[in-house]
Amino acid sequence: MRERRFLHTIPWMQQLFIAFFYLLYLASILTPGYASAHGGVVLEDDLCVINVGFYQAHFTIFQPINTQHEQFCEDLPGTGESVFVLEYLHDGLEQLPVDFRIIRNVTGMGLFAGVNDVEALGDLDVVTEFYHPPVTEPDAFAVLHEFAEPGAFIGIVTAVHPDTDTLYTAVFPFEVGAFGLNYPLIAVGVVLGLLAVLAVSSRWRSGGATVATLCAGLLLPMTADAAEIEDVVSADGYYRVTAISRIHPLAINQMHAWELQVFDRSGQPVINANISVSGGMPAHDHGLPTDPRITRELGEGRYLLEGVKFHMRGAWELYVLIDATGRPDTATLSLEL
Amino acid sequence: MRIFLTLTALVAAIALWWWIFPPHPGWSEDELVSIQNIWLESLPALPDDPTNSVADDADAQILGHRLFFDLRMSATGTTSCATCHQPQRGFSDGLALSVAIGQTKRNAPGIAGLAWSPWLYWDGRKDSLWAQALSPLEDAVEHGGSRLMFAHLIHTDEPYRALYEKVFGPLPALDDRSRFPIAGGPLASDEGRAAWDAMDPDDQREINRLFSNLGKAIAAYERLLVHGSSRFDRYVAELMETGDSEQLAGSELRGLRLFINEANCTQCHNGPLLTNNAFHNTGLLSLPGKLPDIGRSAGLRKVRDDEFNCLGPYSDNPTVCDELVYAGSGKENVGAMKAPSLRNLADTQPYGHAGQFATLGEVLDHYNEAPDAMIGHNEAKPLDLWPWQVVDLEAFLLTLQAPLATDPSWLEPPDQ
């Protein structure tokens, strides 16, 4: 009798367990950090994005000593060493001198302080907590500041266009230390969590699995012999590309060349085309370890692509952008190593 | 009832045991290929270095060996290459950040097997062993010297002078101190820099040539430092010959299985030296008080501007520079560091480009979790391994331990 009751409880226990972990997970992503965007920083696809004029940058704060890898958009859980990282999403910002200032928030506007409120303060030096003079950084702009005490602050990022003297400014108020949980978002999280439990425990699961399997099937590479990729049609159908590796079989960690054969719709060779090649591993979110280039046209629509290297096994893609007679079009070559 | 419960508990215990310690079921065809790929016997022959015409010259090796261990190769007389690259510690130093004249910004890696790498340094800011060897000599916190200072040392020390001239031909007229001041170089501080700037450009080139030759001799020596056959390699040899081997067991075999399969290690640590010598952002934390390291992105700019690179005037063959010419410049270079070899890991702790991890266990925990990178994007994905699987991986990694396949006399300071 006792065993039977125990067995009966298993689906319930499973669902409780799943619900519990979902809630834990949601609480962890919805509480401080991601949940606290305001002012000049907006959340876009889980990124903290800052707008400096029309330039955009990814903005994150870390407190590596206290919270290791945890990212914060604005409000910081504690005082101490804080690393502000600004990564440019927009081409152009890396060519402008960018400076970074943190002032104590004495605007009286709290978390709603804006550019006008900061300008109204006049001399910022008297309220400045930290200042990093303008620098031009090609990759990312990172600064480190140690907050001694909790409080309300405003971050100010300024970029000056060297030719036009135009000033681009982003202002974002934030708090350091001692702030509570974000209850409305947790409530949303609880609802989402319950929905997720329903989804997991109902028929949706098998449906989802079928869709996932179908998607995986569609994503499988289309080519069997990786050293030769035959007759790939470009996205808009203008060109057909065949690629033949100069090394057989293909190998990792070896610099090598490919021959690309480019034909038009009617099968005629395409000559004098501008071709550029990029690529990467879609599953790993990274590009090629090299920047390959077309170094020679070999005649009859054949082009020599040099400087190709693959440094991992797995599924790779090469994107061949072809432009002949003003018709740019990209052929995607898939290969498995 | 009680018997039923006892039996259930027993079955559960056995199932748990099999889950944590699964018996070794043998290898599939694909797994055998993966295992052979990381076997030392699959390593191609020592690659030529056409940019260094004395790369395999016996006298250059002797000269390089002396230079490598010579404390006079520093401004203070206290630092040699072997200060941070100690043979008994896998040619590293056991410190998180190396200490020579001052403290460096990065961890000193082991240097065996680097002749197979197209890039040197964590950020790949050098593209040959010889160009790399020059950099610490003039770094203020490492050897703190200047190229003129080293030129005069070679010139005034009779054995050095004889050996140098045997390998590279006559030295410049270094007796003429008006043409060749006793110290200085383009990277030196004020006084040394001024002395260098006052020199005739032809004389500067002569000194640069001499200085690059010292790097080429050190590189010739370093090319002798090659990995030896480990217990793992003996395992593979026996496996290939007889289909079975007792060299690895239990936890080590389970670790090997994880290594080539679900732990994704061979994505970057592939090939017989267990590195693809390429750059990856794996989200290591910056040290307290330090900004996150830009890594390869900055390294690529430096190597392109380096006068001692493959394409430069001191390269012995600037026509064979595909690695430099086609070096990838994508965004993923931000925060990326070179994947190190995993051979002889037990000798080279702590780990990480700034020595962030004291133990292998900490490294593996980091990759198991794959947390967000502070700068750029962490390429690694969380592995979600169980704690005992992490222990198995570590057990396997420690089977890659082996003495170098190098004559022991090269691993000690030379008799002079």
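Does Asn272(A) count as buried or exposed, and what is its relative accessibility? At 62% relative accessibility, Asn272(A) counts as exposed (buried is under 20% relative accessible area, exposed over 50% and partly exposed in between, with a 1.4 Å probe and protein chains only). This is a predicted model, in which local features need pLDDT of at least 70 and side-chain atom pairs count only at pLDDT 80 or more, while totals for chains, interfaces and linings use all residues. Residues are numbered from 1 along each chain as its sequence is written, chains are lettered from A and ligands numbered from 1 in the order written, and side-chain values use heavy atoms, leaving out hydrogens and water.

Back to the backbone. Most residues other than glycine have a negative phi, and most peptide bonds are trans. Asn272(A) has a positive phi, near 55°, and sits in the loop between β13 and β14 (274-281) of chain A (helices, H or I, of at least four residues and strands, E, of at least two are DSSP runs, numbered from the N terminus). Gln68(A) also has a positive phi, near 50°; its place is the loop between α3 (64-67) and β4 (71-72) of chain A. With a relative accessible area of 39%, Gln68(A) is partly exposed.

Then there are the cis peptide bonds. One runs from His248(A) to Pro249(A), with omega near -10°, and Pro249(A) belongs to the loop between β12 (239-245) and β13 (256-264) of chain A. In chain B, Gln349(B) and Pro350(B) are joined by a cis bond with omega about -5°; here the loop lies between β2 (337-338) and α14 (360-369).

The axes of α5 (residues 129-137) and α9 (residues 201-222) come within 7 Å and cross at roughly 115° (axes are lines fitted to C-alpha atoms over the stretch in contact, with angles from 0 to 180 degrees between N-to-C directions). Among the residues that meet are Trp130(B) and Leu134(B) from α5(B), and Phe211(B) and Ile218(B) from α9(B) (contact means heavy atoms within 4.5 Å). The contact residues divide into eight nonpolar, two polar and two charged (Ala, Val, Leu, Ile, Met, Phe, Trp, Tyr, Cys and Pro are nonpolar; Asp, Glu, Lys and Arg are charged; the others, Gly among them, are polar).

Finally, the largest cavity holds about 220 Å³ of space (on a 1 Å grid over the protein atoms alone, a cavity is a set of points where a 1.4 Å probe fits but cannot get out, and lining residues have an atom within 4 Å of a point). Of its 22 lining residues, those closest to the centre include Pro289(A) and Phe279(B).

Methods
On a 1 Å grid over the protein atoms alone, a cavity is a set of points where a 1.4 Å probe fits but cannot get out, and a pocket is an open set with protein on both sides within 12 Å along at least five of seven lines; lining residues have an atom within 4 Å of a point. Grid points are joined across faces, edges and corners, and a volume is the space filled by probe spheres set on the points.
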